[in-house]
Amino acid sequence: MVRRAVRAAAALVWKDVLAELRTRELVTSMSLVAFLALVVQGLAVGSGPAPTVTAAILWITVVFAATLGLARTQTLEQDRQAFSGVLLTPVGRGTLFLAKAAANLLVTFMIMVVIVAAETVLVAPDLGRRIAGIALPLALGGAGFAATGTLLGAMAAATRLREVLLPILLVPVTLPAIVVSLSGVTAALEGAPFAAVLKSAGFLAAFDVVVLVLGVWLFEYVVEE
């Protein structure tokens, strides 16, 4: 049974990835928003900003770009009525949530790689050299952000203001994870020992687990007509 659920989830993730590979709509629009946000922030702070500013620019850009992608993903499925078709498949709602969260996580990680590379070139050359240290807190924060966005996106999809409602709900709910991830990224940029970076990783991992458990539990009620 577990193997069947894993296969179903993998098929659903591949469906979303394949749709994005064919159109490249999400990654292109998210990359453009991220680039513009980095240019504006880079012009404001100048070259070689302090680690706290570098980390703040990184997360601000991730929040802008990832929120746009999460909102657009849900809107595309609603407009094409693809989500109604997915709900008719013999797949548990918990499995469906995990598959949607995994697909959103892949897109979020992809845009994070683009943002880190672009910020290294445009704003903070030291960011690329610290990639090994910032990877863990940034990835765990991104996972919680994508999983929460998947659940809230499904809730907002039933409303007419879904593209406006998702950012309003998503940022406050994920703010604790963003702040802790920001702290971990700053510590890594300041050259702190890896043990200091791990302090933030524990909270972020717990946040991710709680969101995933809540998503598996609540998704059935969220998508219920």
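**Packing and pairing in an all-helix chain**

Leaving out residues up to four places away in sequence, Trp 59 touches Met 112, Leu 138, Gly 141, Gly 142, Ile 178, Ser 181 and Leu 182, a contact being heavy atoms within 4.5 Å. The model is a predicted one, in which local features need pLDDT of at least 70 and side-chain atom pairs count only at pLDDT 80 or more, while totals for chains, interfaces and linings use all residues. Residues are numbered from 1 along each chain as its sequence is written, and side-chain values use heavy atoms, with hydrogens and water left out.

Trp 59 is also listed, together with Leu 58, Ile 115, Ile 134, Leu 138, Phe 145 and Val 185, among the residues with the most contacts inside the largest nonpolar core, which has 35 residues. Such a core is a set of buried Ala, Val, Leu, Ile, Met, Phe, Trp, Tyr and Cys residues joined through side-chain atoms within 4.5 Å; buried stands for under 20% relative accessible area, exposed for over 50%, and partly exposed for values in between (1.4 Å probe, protein chains only). At least two residues of this core come from each of α2 (25-45), α3 (51-79), α5 (93-122), α7 (131-156) and α8 (162-189), with α3 giving the most, 10 residues. Apart from this core lies another, of 15 residues, which includes Val 86, Leu 96, Phe 97 and Leu 151.

Helix α7 also holds Gly 149, which is buried, with a relative accessible area of 3%. Beyond its neighbours within four places in sequence, Gly 149 is in contact with Leu 70, Leu 166 and Leu 170.

The structure holds 1 salt bridge, defined as a side-chain nitrogen of Lys or Arg within 4 Å of a carboxyl oxygen of Asp or Glu. Arg 129 forms this bridge with Asp 126, and the closest N and O atoms are 2.2 Å apart. Both residues lie in helix α6 (residues 126-129), 3 residues apart, or about one turn of the helix. Arg 129 is exposed at a relative accessible area of 65%, whereas Asp 126, at 46%, counts as partly exposed.

Taken as a whole, the protein chain has 9 helices and 0 strands, where helices (H or I, at least four residues) and strands (E, at least two) are DSSP runs numbered from the N terminus. Of its 225 residues, 45% count as buried, and residues 24 or more positions apart account for 83% of the contacts with a separation of 6 or more. The C-alpha atoms fill a box of roughly 50 × 35 × 30 Å along the principal axes.
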